[in-house]
Each structure stands twice: as C-alpha cells, then as structure tokens.
Amino acid sequence: MPVGVVFYQPAPEISAWYRTDNALKKQGVPTPQRPRKPAPNPQYPTTEQLALRLLETFKAQHPDVRIHAVMADALYGTATCVEGASALFRGVQVISQIRSHQNIRVGKRDQHVADYFATHPGTPYSIRIRGGEEVVAIVGSARLYVCAHKTKRFIVAIKYEAEETYRYLIASDLSWRTRDIVQGHTMRWLVEGFIQDWKSYEGWSQLTKQPGDAGARHSVILSLLVDHRLFRHPDQQRQLKNNLPAYTVGSLRANVQVECLVDVIADLVSSDNPQDKLKRFTQALHEVFALGHSKKHMIQRQLGRLEPTPSLKYRAHEVMRTTPVMST
C-alpha cells in the first residue's frame, strides 16, 4: 500500500539557468563563458532529499516494520542517496541503477561500466519476476569500485530476452547473491503499478483540474481515497481475509460500474411507472453527458479575407522598389 507521496518542484532560478545553458550550448559557447549553475535553494529540495525524507518519515511512523531492502531507479543511484537510505535502516541493502557510461576502476585503470561488461559477458539466469513469472535473462556481475561513489559496489549487468542492451544495477551490500539482487530489484516496479492505477482508474490523470502543486496534491488525495475505498470492497476484503491474490483496481472499478448499472435497471423495473422513471433518468444522463462543440472544425467561424488587397499592391511595389539591396 502507498504510505507516502511527495511532489518535486524545481527552483525557478535553476529552471531558468537550464534553459539559458542549453541555448548557449547549441550556440557552441564553451563552458567557462556560460553562467554558473545557481546555488541550491533550500526552499526547493532535490529529488534525492525528498526521497530520503520520505524514508525517514516512514521509519518514524512505522518503527515495527522490518526493512529487507530499499529499491530505487537510476535517478536515485547516487552515492548520497544510496548511503543515506542504507544508513537510515542500519546498513540495509539498497539496490538501484547506474548509467552505462558510469566510471568504474579495474586495477589502476578507469573505464565505463558498459566497456567492462562488454569483455565479461553474462550467462543465462532463471529468475522470478516479483516472486511470480519465471523468465530467463542474461546476467553478469562483479564487485567493482565505482568512482563516483568512492567505494566498491556489487554491480549486476542484466538483459532480458526482448532487450538488446544491458541495464546495470548496483547494490550497497556486497554479501548478497547475484540472483537475489536481480529478483529484489524487480519489486521496484510495484510503485509503477500504483501510479498506473491512480492515473488510469482512479482519476489522478483524467480528472486533474487544478494546475501546480496544489492541484497535484488535491487530485492524488482523491485518487488515494478511491484506492482506499476499492481496497475495502467486499470482494477484495474476502480475497485478503482468505490469503488469496487481491483483485486489480481496473477489474474492481468495472465491477462497481456493473453493480451500479444493475441497481438502476432493477430500480426501473420494480417501479410503479417504469416508463416515466426511465424518461427522467435518460434526461438526467443527457444533461450530465452533454455533447460539446468541436473546436477543430471551422464551421460558423469568422476567418477574415485571407487574400491580398488590390489597393495595396502599388504601395507594396513601391516599398520593394525603394528598398536598397546590399551585396558583398
């Protein structure tokens, strides 16, 4: 279940700097001649700071929950975030990702992680995705010094059947097995499932009416309330109490819609005057789901003349005749 949500907002001066810097890069302006990046604004914490605060809040509010590992995507694969998350839970395993061009040190030579595993190819591994489906992936691993982290990490190169390139996982605890790291990292996708449910079935995406931070918070609160109500659905509770797999949010929502439709039909059929009640119900539906006029069709629009004016042709000719032409 989701236990914490926070929204990231970039500092306005940082956003302005990025726009200026990118424009100057395209113009070929060298780095020393471009403006320096502004100092961090404490009023706008970074994504790493927000993530660590979420973990810290969870630890304070749920002290009895035992944490086996913390999973994160490549955005949080920095030394600060990995070390901070691990320290919060007394050295727990943190599994994240690093980019293919991340520098590692092999002996006395630095090289990209992708270059290392290009000469150390992986072998087929049978792994379970989130404890369920079993798949075969090409997996290679090594305990290597990551230059940006200034310490050794357990690095795993993994490539699933449909993929052409490797992705690279890092783990802070070197005592785990390769298979356990790979299978543990598949758990990270659970958060994507929650977000997809909020967007597709619970209104976070379709029903967002207010922009900015306040609008995002209001809509996600409504989505979480819907999620909670579906969690308390009698059919869902029956599954959970009997230790059976929970139903998906999409199927529960469809089930609720069908139940509502059946209740309406039953109410119409059992009423004293079903035709009159059906008429009033149909009228109410049409008022709620009223047809809207399309703005991409140009019927009954005043577009103007959109053509030359004969009386202005001479003036345009005179302007062109008297305009000097420069040549080199």
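**Overall form and nonpolar cores of the predicted chain**

Of the 328 residues of the chain, 27% count as buried, where buried means under 20% relative accessible area, exposed over 50% and partly exposed in between, with a 1.4 Å probe and protein chains only. The model is a predicted one, in which local features need pLDDT of at least 70 and side-chain atom pairs count only at pLDDT 80 or more, while totals for chains, interfaces and linings use all residues. Residues are numbered from 1 along each chain as its sequence is written, and side-chain values use heavy atoms, with hydrogens and water left out.

The secondary structure comprises 11 helices and eight strands, taken as DSSP runs (H or I of at least four residues for helices, E of at least two for strands) and numbered from the N terminus. The radius of gyration of the chain is 30 Å, well over the 20 Å that the globule rule gives for 328 residues, so the chain is more spread out than a compact globule; this radius is taken over C-alpha atoms, and the rule is 2.2 Å times the number of residues to the power 0.38. Along its principal axes, the C-alpha trace spans about 90 × 80 × 40 Å.

In the largest nonpolar core, which has 21 residues, Ile104, Val113, Phe117 and Ile155 touch the most other members; such a core is a set of buried Ala, Val, Leu, Ile, Met, Phe, Trp, Tyr and Cys residues joined through side-chain atoms within 4.5 Å. Two or more residues of this core come from each of helix H3 (79-88), strand E2 (93-98), helix H4 (113-118), strand E6 (134-146), strand E7 (151-160) and strand E8 (167-171), and H3 gives the most, with four residues. Apart from neighbours within four places in sequence, Phe117 is in contact (heavy atoms within 4.5 Å) with Gly140, Ser141, Ala142, Ile155, Ala157 and Tyr168. A second, separate core of 13 residues includes Ile95, Ile127, Val139 and Phe154.

His185, found in helix H5 (residues 178-185), is buried, with a relative accessible area of 10%. Leaving aside neighbours within four places in sequence, the contacts of His185 are with Met71, Ala72, Ile95, Ser96, Gln97 and Leu169.

Most residues other than glycine have a negative phi. Lys150, in the loop between E6 and E7, has instead a positive phi near 60 degrees, and counts as exposed at 66% relative accessibility. Leu306 likewise has a positive phi, of about 55 degrees; Leu306 lies in the loop between helix H10 (274-288) and helix H11 (313-322) and is exposed, with a relative accessible area of 74%.
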